[in-house]
Amino acid sequence: MALFDDDELEHFYRRIESRTEAASARPRRRRRVVTTAAIVCPTPEKIAYPDYAAVTGAILALTRQSRSRPSLRSYECRCGYWHLTSGVPRPE
C-alpha cells in the first residue's frame, strides 16, 4: 500500500523545488550591527595600523633598519586596529 499517489508526490517535489529555487535566486544580506558607543583605544599612544598586512610591513621595515633586531610582535586591539609591541607574548 503506497503512502502517496503519484500526483501527491509530484506536487510535493514541485513545491520543494520552487522553494529551493527561490532561496538561491536572491542573495541574503547579512545584518549590519551598529554600535552606538565608540570604542576607545586603551593604548592611544601607540601607532594604529588598519590591518594585519600593514602591521606586518611595519615589523619588516623596523627589523631591516635595526642592527640589534628587536623582538617585535603585533596584536589586534579591542579598538579594531593593530599595534606593535616588544617582548615575548604573554600566556593567555
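Ala58 touches Tyr49 and Leu84, leaving aside residues up to four places away in sequence, where contact means heavy atoms within 4.5 Å. This is a predicted model, in which local features need pLDDT of at least 70 and side-chain atom pairs count only at pLDDT 80 or more, while totals for chains, interfaces and linings use all residues. Residues are numbered from 1 along each chain as its sequence is written, and side-chain values use heavy atoms, with hydrogens and water left out.

Ala58, Tyr49 and Leu84 belong, together with Val55, Ile59 and Trp82, to the largest nonpolar core, which has six residues in all; such a core is a set of buried Ala, Val, Leu, Ile, Met, Phe, Trp, Tyr and Cys residues joined through side-chain atoms within 4.5 Å. Helix 2 (52-65) and strand 2 each supply at least two residues of this core, and helix 2 gives the most, with three. Helices (H or I, at least four residues) and strands (E, at least two) are DSSP runs, numbered from the N terminus.

Strand 2 (residues 82-86) also holds His83, which counts as buried because its relative accessibility is 0%, buried meaning under 20% relative accessible area, exposed over 50% and partly exposed in between (1.4 Å probe, protein chains only). Beyond residues up to four places away in sequence, His83 touches a set of residues that includes Val55, Ile47, Arg73 and Tyr75.

Elsewhere, Tyr13 lies in helix 1 (residues 6-25) and is partly exposed, with a relative accessible area of 46%.
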